[in-house]
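Please have a look at the model first, and then read my notes beside it.

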Amino acid sequence: MTFPDVQGHCPACGATSLFLADGGYITCSRIECPEPDAVTNLLVRKPAGPRLAVGAVTRELLQTAIRDLARLDPEWWRCELERMARTAHAVNQQIAMGSRP
Ligand SMILES: [Zn+2]
C-alpha cells in the first residue's frame, strides 16, 4: 500500500515530508523529525489549553494574527504599538547607560 503525499511543511521539522498515514493521520516521514505526529496533534487531539508547536508559529502566522487583531480592534493595536515603543525606548536607554548588556 502506498501512502499519498500531503502538501505543506511539517510543523515540527519544517520539511515537505508529510504523508497521509493509515487511519487518515497526517504524519511526517523524516526519521529525524522531533514530532512526526505534530499535524495530528494540532488537528485531531484537543488539548486542554492553547498549544502550538514552536515550529508551527511562523512569521506569516503571527503577521496574519496581528493584522486581524489590529483590524478588529484598532484602538487596542494603537495602545500596543505605543507600549512597545515605550518598552523599546526604555531598553535603548538602559543600553545607552550601560545598565544592560
Ligand atoms: Zn517532521
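Here are my notes, point by point.

1. A word on the model itself. This is a predicted model, in which local features need pLDDT of at least 70 and side-chain atom pairs count only at pLDDT 80 or more, while totals for chains, interfaces and linings use all residues. Residues are numbered from 1 along each chain as its sequence is written.

2. The overall layout. The protein chain has three helices and two strands, where helices (H or I, at least four residues) and strands (E, at least two) are DSSP runs numbered from the N terminus. Their order from the N terminus is β-β-α-α-α.

3. The start of the chain. Thr2 sits in the segment before strand S1 (18–20). Why does Thr2 count as exposed? Because 5 other C-beta atoms lie within 10 Å of Thr2.

4. Helix H3. This helix covers residues 74–96, and its 23 residues should span 33 Å at 1.5 Å a residue, which agrees with the 33 Å between its end C-alpha atoms. The expected span is 1.5 Å times one less than the number of residues. How many of its 23 residues are buried? The count for H3 is zero, so it is hardly covered. Just after H3, Gly98 has a positive phi of about 80°.

How values were computed: Buried ≥ 20, exposed ≤ 12 C-beta atoms within 10 Å, placed from the backbone.
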